[in-house]
Amino acid sequence: MDDLAILIPCYNEGITIGKVVKDCLRDTRDIEGRVNIYVYDNNSKDNTVSEAQTAGAIVRHEYQQGKGNVIRRMFRDIDAKCYILIDGDDTYPTDVIPKMYRLTIERNLDMVVGDRLSSSYFEENKRPFHNIGNRIVRGSINWLFKSNIRDIMTGYRAFSYQFVKSYPVVSKGFEIETDMTIFAIENNMAVHNEIIEYKDRPDGSESKLNTYSDGFKVLKRILISYRDYHPLGFFSVVAMILVAIALFLFIPEVWVPYLQTGLVEKIPTLIVSAFLIIGAIVSWYSGLILDSVLQKEKREFEFRLNLISKNQK
């Protein structure tokens with residue numbers, strides 16, 4: 001088992017990966033124990049692999065495209081007391097790695113979040129829609145999940161062994177950061193925000209994140225996660241919407257004419273309203289049942305976490 005494993009997922013980062021690996025080696029030389037740098041190449045078409053090997057990294061491959069797929073492979077393959085996940089685009093400061101490592105080990109943290117948004121991100125980043133998207137994602141998650149994570153989409157994080165071995169990677173692409181954050185929040189894991197300086201990509205290096213398609217996937221992941229982790233709240237909202245629609249149709253089209261004439265003139269509207277109310281009741285009871293299942297799953301997760309802790313020792 002490594003004392004510290006630095007994980008770098010890469011796709012066409014030949015311009016910067018060599019510098020990132022060298023910087024990681026330089027800034028971790030004083031850490032006692034076994035430190036390894038792993039570069040996982042995700043079908044790069046440039047010189048990413050050769051540059052990483054020359055710089056001193058252990059290079060492995062993941063052939064299923066997508067950052068989530070790469071992280072799944074990393075988390076399965078590597079055993080370490082602490083993991084640092086960092087992008088290969090030279091936008092994050094590697095001199096913070098020792099501090100993130102110490103925080104994880106000494107304070108028994110499960111995740112240390114490299115917070116760009118509280119420092120230089122909005123000044124350095126040249127893509128305005130990315131800035132807007134980061135604010136929307138951060139606000140949505142902190143509101144829906146009652147948390148205070150300062151940077152949801154950051155690719156710079158430290159993890160404990162317990163987090164890595166208990167986290168089920170279900171996301172395939174860039175929504176992986178959102179999914180990891182929500183997983184940590186909902187499973188009451190110890191999370192710390194560490195402010196870091198951010199610098200934009202150097203000239204010639206291009207972001208692989210598509211503002212619109214990947215942004216839509218992230219928002220979709222937030223909605224799905226809220227449904228999965230808060231089923232009673234989610235289906236109660238669906239039930240209230242159905243009731244509101246039913247009343248909107250029933251009162252002016254059925255109830256008011258009935259009071260005036262004593263007759264129900266629009267039978268189809270009455271039937272539709274009745275089915276909407278039935279749908280609302282079914283939705284609410286679905287939420288109750290799923291919430292009971294969720295509580296059982298949370299108890300079982302704690303047992304699994306205890307087994308993982310024993311395996312580490």
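By the pairing rule used here, there are 17 aromatic pairs. Rings of Phe, Tyr and Trp (its six-membered ring) pair if their centres lie within 6.5 Å; planes under 30 degrees apart are stacked, over 60 edge-to-face, the rest tilted. Phe250 and Trp255 make a stacked pair, 6.4 Å centre to centre with 25° between the planes. Phe250 is partly exposed, at 25% relative accessible area. Trp255 is partly exposed too, at 40%. Buried means under 20%, exposed over 50%, and partly exposed in between (1.4 Å probe, protein chains only).

This is a predicted model: local features need pLDDT of at least 70, side-chain atom pairs count only at pLDDT 80 or more, and totals for chains, interfaces and linings use all residues. Residues are numbered from 1 along each chain as its sequence is written, and side-chain values use heavy atoms, leaving out hydrogens and water.

Now look at the cluster. Phe75, Tyr83, Phe159, Phe163, Tyr167, Phe183 and Phe301 form one aromatic cluster.

Which residues have the most contacts inside the largest nonpolar core? They are Leu7, Phe75, Tyr83, Phe159 and Phe163, in a core of 41 residues. Such a core is a set of buried Ala, Val, Leu, Ile, Met, Phe, Trp, Tyr and Cys residues joined through side-chain atoms within 4.5 Å. Helix H8 (residues 176-186) gives the largest share of this core, six residues. A second, separate core has 32 residues, including Ile84, Tyr92, Ile97 and Ala158. In soluble globular proteins, nonpolar side chains tend to be buried together.

Methods: Helix = DSSP H or I, 4+ residues; strand = E, 2+ residues; numbered from the N terminus.
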